[in-house]
Amino acid sequence: MADTQDQPLDLGALQGLLDRIRGVTVACVGDLMLDRFVYGEVGRISPEAPIPVLRATRSIAMPGAVGNVARNVAALGGRARLAGVVGQDAPGQELATLIASESGIDSFVEARTGAATIVKTRFVAAGQQLLRLDDETDGDRSLGQSNAFSNSSIVLLSDYAKGGVGDEAIRAALSSGAPVIVDPKGRDFARYGAVDVIKPNAGELAAATGLSVTTDEQVETALAALLNATTAKAVVVTRAGKGMSLMRRGGLVRHFPGRAREVFDVSGAGDTGLAALGLALGAGASLERAVEFAILASGVVVGKAGTAVVTPAELIEAEMSGHALAAHAKVTPLDELAAEVETWRRQGLRVGFTNGCFDILHRGHVAYLQQARGWCDRLIVALNTDASVRRLKGEGRPVNDLESRAVVLGGLSSVDRVTAFDDPTPIALIERLRPDVLIKGSDYTREGVVGGDLVESWGGEVRLADFRDGVSTTRTIEKLSAKDSGSAA
């Protein structure tokens, strides 16, 4: 069943998509290379020239270009059918051995005498590439009809401008009956024909259209120009840390923000994005969902060294970590929060404010906060400090400390910011933040809401939200105490 674009790619949706892509068959066709990484240490500058001397400590090799696309398809749980051309030489034999050792890849690689295998060797020290050596000679690497196209749910064309994605390969892909995504090179994208998706990066989009692509507006203009110049059904442009942008023929542009990651090595990130995009579409996901999935996968792989792959477990961990980081990011000191509120106000946003202990979060709290968020554009929750809770509730409270309570609240989509106060009442916070809506539970009366008169004095309002009957932190603690007593008896 296809996903809808309106549902966010949260942890549950991600797990469902990963289940569906397991076993999806993907034809990975295009230019094939051997990627070699030589790692070492630099301790001195050469006396012969002002260059670092690398003392090599280890070397690894792996399939690159379309080979790396296939590796990522397999690592994510799909079945890759890999087609490319190598030479009848030692690097070609090494590639064949490496591909054969990869679980989840069926090889349709052709070895030719007239095409030497392309080898890219990167020299790395302290996590930085010092030099890349390309061993490449001209030769016939063109692909035509291949058994790799048979019985595939989707076709991925990986064009590195080495001859593998020529007219014959494009015709074979389009006649396969499966959706086709191409990762392009060069300036003439029209030659790819009526493919389902063209996936350039920002630089390639700029080169193909002759337009700037720095801002969202410029990207929108360039995407429209590219679709006018081609017969492709859609274009997805990758924009590094800015995420991706999608435009369907006859549709509007949709921008997808990137996910903040520590970038260690961008080698092969485009291959990972292509594999993830193809797998998601092959599993029946919408193009929007496939783009979100590709952004997540690419964001994980740039945190790895070398031409790397990502696994389902790593994607789930990244999504969980991202959710936790987002929750932590909502916990904001008062001075910083006051500045944010001013920004929201200038944007014309309606700011809501509520406060409480929120010790053991239960469904009553969740419903209350959802209702509160419905009355404003941004909801701030002010938490009593631990000392304040003890003064209000007595010894033994809170059950959860301030940091724990704040992060749990920050994990709710209904809550935009969390802050804390130690005073007997939140009146000082209300005066500082000047919310448009002050919200308390329906167990209060309008007259009993602290700060209500203040909020109304600057044109705001007081709202009373419903609490679910029979649900409270105190009753939850009483139930737990009763169970503990029964166990002890």
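This is a predicted model: local features need pLDDT of at least 70, side-chain atom pairs count only at pLDDT 80 or more; totals for chains, interfaces and linings use all residues.
Colleague: What does the overall count of helices and strands look like?
Modeller: The protein has 16 helices and 20 strands. Of its 489 residues, 47% count as buried.

Colleague: Why is E204 called buried?
Modeller: Buried means under 20% relative accessible area. E204 has 12%, so E204 is buried. This residue sits in helix α5.

Colleague: What does E204 touch?
Modeller: Leaving out residues up to four places away in sequence, E204 touches D183, P184, K185 and F189.

Colleague: Why is E314 called partly exposed?
Modeller: The label covers values between the cut-offs for buried, under 20%, and exposed, over 50%. E314 has 23% relative accessibility, so it counts as partly exposed. E314 belongs to helix α9, residues 312-329.

Colleague: How far apart are E314 and L76 in sequence and in space?
Modeller: They are 238 residues apart in sequence. In space, the C-alpha to C-alpha distance is 9.8 Å.

Colleague: How do you know that the length of α6 agrees with its number of residues?
Modeller: Helix α6 has 14 residues, 216-229. At 1.5 Å a residue, taken times one less than the number of residues, α6 should span 20 Å. Its end C-alpha atoms are 20 Å apart, so the two agree.

Colleague: What makes one face of α6 the buried one?
Modeller: The buried residues of α6 are V219, A222, L223, L226 and L227. Seen down the helix axis, they fall within an arc of 135°, so they line one face. An α-helix has 3.6 residues a turn, so residues three or four places apart point the same way.

Colleague: Which residues are exposed on the other side of α6?
Modeller: E217, N228 and A229.

Colleague: What covers the buried residues of α6?
Modeller: The cover includes α5 (202-209), β13 (234-238), β14 (244-248) and β15 (253-256).

Colleague: What makes α8 mostly covered?
Modeller: The count does: 15 of its 15 residues are buried. The length of α8 also agrees with expectation, because its 15 residues should span 21 Å and its end C-alpha atoms are 21 Å apart.

Colleague: Which residues touch the most other members of the largest nonpolar core?
Modeller: C28, F293 and L315, in a core of 57 residues. Helix α8, residues 287-301, gives the most to this core, with 10 residues. Apart from it lies another core, of 33 residues, including A27, L143, Y192 and L205.

Colleague: What does C28 touch?
Modeller: Beyond four places in sequence, the contacts of C28 are V66, V69, A70, V73, A80, R81, L82, A83 and L156.

Colleague: How do you know that β2 and β8 pair?
Modeller: Pairing takes at least two bridges between the strands. Here 8 bridges join β2 (residues 32-45) to β8 (residues 118-125), and the strands run parallel. One example is L34, whose bridge partner in β8 is V119.

Colleague: Why are β3 and β9 called edge strands?
Modeller: The open sheet has 4 strands in the order β3-β2-β8-β9, with mixed pairing. β3 (52-65) and β9 (128-135) each pair on one side only, and that makes them the edge strands. On average, neighbouring strands of this sheet are turned by 20° against each other, direction ignored.

Colleague: Which helix packs on this sheet?
Modeller: Helix α2, residues 66-75, touching β2 and β3. Its direction makes about 70° with that of β3.

Notes
Residues are numbered from 1 along each chain as its sequence is written. Side-chain values use heavy atoms; hydrogens and water are left out. A nonpolar core is a set of buried Ala, Val, Leu, Ile, Met, Phe, Trp, Tyr and Cys residues joined through side-chain atoms within 4.5 Å. Buried means under 20% relative accessible area, exposed over 50%, partly exposed in between (1.4 Å probe, protein chains only). Helices (H or I, at least four residues) and strands (E, at least two) are DSSP runs, numbered from the N terminus. Contact means heavy atoms within 4.5 Å. The arc is that of the directions from the helix axis to the C-beta atoms. Axes are lines fitted to C-alpha atoms, for helices over the stretch in contact, and angles run from 0 to 180 degrees between N-to-C directions.
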